[in-house]
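Please look through the structure shown below before reading on. The report that follows takes up a few of its parts in turn.

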Amino acid sequence: MPEPSAADAAASTTRRFPDGFTWGTATAAHQIEGGNWNNDWWAFEHTPGSGVVEPSGDACDSWHRWADDADIVQALGLDNYRFSLEWSRIEPEDGEWSIAALDHYARLCDGLRDRGIDPVVTFHHFTNPRWLSDRGGWEAADTAARFAAFCERAAAHLGPDRIARACTINEPNIVAFCGWVLGVFPPGRTDLELAQQVGANFVDAHRQAVQAIRAAAPWVPVGLTLSMQEWTPVGDTDDDLAAARAQIESGRGLMEDVFLAATDGDDFVGVLTASGCRWGRGGMLGPEDGVDQLVMGYEYWPQALETTIRRAWELTGGRVPIVVTENGIGTDDDDQRIRYTRTALEGVLACLASGIDVRGYTYWSLLDNFEWAFGYGPRFGLVDVDRTTFTRTPKPSAAWFGSVARANALDDVATGA
């Protein structure tokens, strides 16, 4: 019989999370606000041949209905809400600042605080102002300094009394890979060498942003959020496996390691995980036979969260605490969502039992929202959003997740203890 996994061992001994462990859910501005016409994603959505299945349009109208969203987070018993600032609203033209937009995000932070919810603020979640893209976007080396200036202005306006935790850049590796290798994000290029330069510019931007946010909002914890996967070598022979492992090491070096190295000295590293991927001698393989495939094409593999937390901890030398800043799946089967999240959380417990400093867990996403090139097809949300009325309807998974958060334990929910 196979040996029990670390997650199984942890689940059999303890299912409680440590005191002070944080529970939250997340969104991103362009995916929920609506009407963000002044950024590169809106332009990309409306470009013939981009591959985006539908435009974002009104999204979830959360620019106007943010209080409804905050009420739901409060009702679920979560202690934090991660959202992003829309740079194109705050700096609609180069050097022109919108006090009204900054005040909007200040009201959002205050509204969360009033409800007992910590605002976790992401300063860049995929979108750039059109003026920035017109002058080269992340291909231009001086974009890092321009981003740092934006972070300083926004952090100073919101201040340390509002921001509970600051995430500089969301998934820079995904932006670089999807925008400059796969061509499915703006600017839609397919140039690996250029993608590596973009990645280097993101690293520079993160380091400058950390300094800028710390200067403008002292004592606010600051970190990077990184998309990670469980990478599995596949092969029929030792030579095939060796070749697959070489592919993995090369890929992880570009997609993960260079960014993890940039987190030294940060207050946390945010780990974002949805699934795993299989690699053979010739590159990435499709999903394994017999494993469920989700609507976005990847495997149902909640075990990936434990693997990626362990790898982030190892590569940062155990010097940087871990926060799970996104974890979830797009599915129409809400029972599957609950099963997925339970297994993922068992992996978190296993990591904690191993002495890894995991500070919190964030489910992606609060709302069914605009899932970039996939449009509104994938449903990641704990809450359904009617596409015509914008009525919010929490799903059974929302009640389940809220009960886990309030109990700070899986046991209390699973066994009724």
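## Two packed helices

Are α4 and α6 roughly parallel or roughly antiparallel to each other? Helix α4 (residues 62–76) and helix α6 (residues 99–114) pack at an angle of about 10°, and their axes lie 10 Å apart; α4 and α6 are therefore roughly parallel to each other. Here axes are lines fitted to C-alpha atoms, for helices over the stretch in contact, with angles running from 0 to 180 degrees between N-to-C directions, and angles under 35 degrees count as roughly parallel, over 145 as roughly antiparallel, 65 to 115 as roughly perpendicular and the rest as oblique. Helices (H or I, at least four residues) and strands (E, at least two) are DSSP runs, numbered from the N terminus.

On the α4 side, Trp 63, Trp 66 and Ala 70 are in contact (heavy atoms within 4.5 Å) with residues of α6, including His 104, Arg 107 and Leu 108. The residues of this contact of α4 with α6 divide into 7 nonpolar, 2 polar and 1 charged, where Ala, Val, Leu, Ile, Met, Phe, Trp, Tyr, Cys and Pro count as nonpolar, Asp, Glu, Lys and Arg as charged, and the others, Gly among them, as polar.

## How the model is read

This is a predicted model, in which local features need pLDDT of at least 70 and side-chain atom pairs count only at pLDDT 80 or more, while totals for chains, interfaces and linings use all residues. Residues are numbered from 1 along each chain as its sequence is written, and side-chain values use heavy atoms, with hydrogens and water left out.

Strand β11 (residues 358–364) is mostly covered, with 6 of its 7 residues buried, that is, under 20% relative accessible area, whereas exposed means over 50% and partly exposed in between (1.4 Å probe, protein chains only). Two strands pair if DSSP finds at least two bridges between them. Strand β1 (residues 22–26) pairs with β11 in the parallel sense over 5 bridges, and Gly 24 stands opposite Thr 362 in β11.

Strand β10 (residues 322–327) also pairs with β11 in the parallel sense, over 3 bridges, and the bridge partner of Val 323 in β11 is Gly 360.

The peptide bond from Trp 364 to Ser 365 is cis, with omega near 10°, and Ser 365 is found in the loop between β11 and β12 (383–385). Trp 372 is found in the loop between β11 and β12, and its phi is near 55°, a positive value in a residue other than glycine. At 4% relative accessibility, Trp 372 counts as buried.
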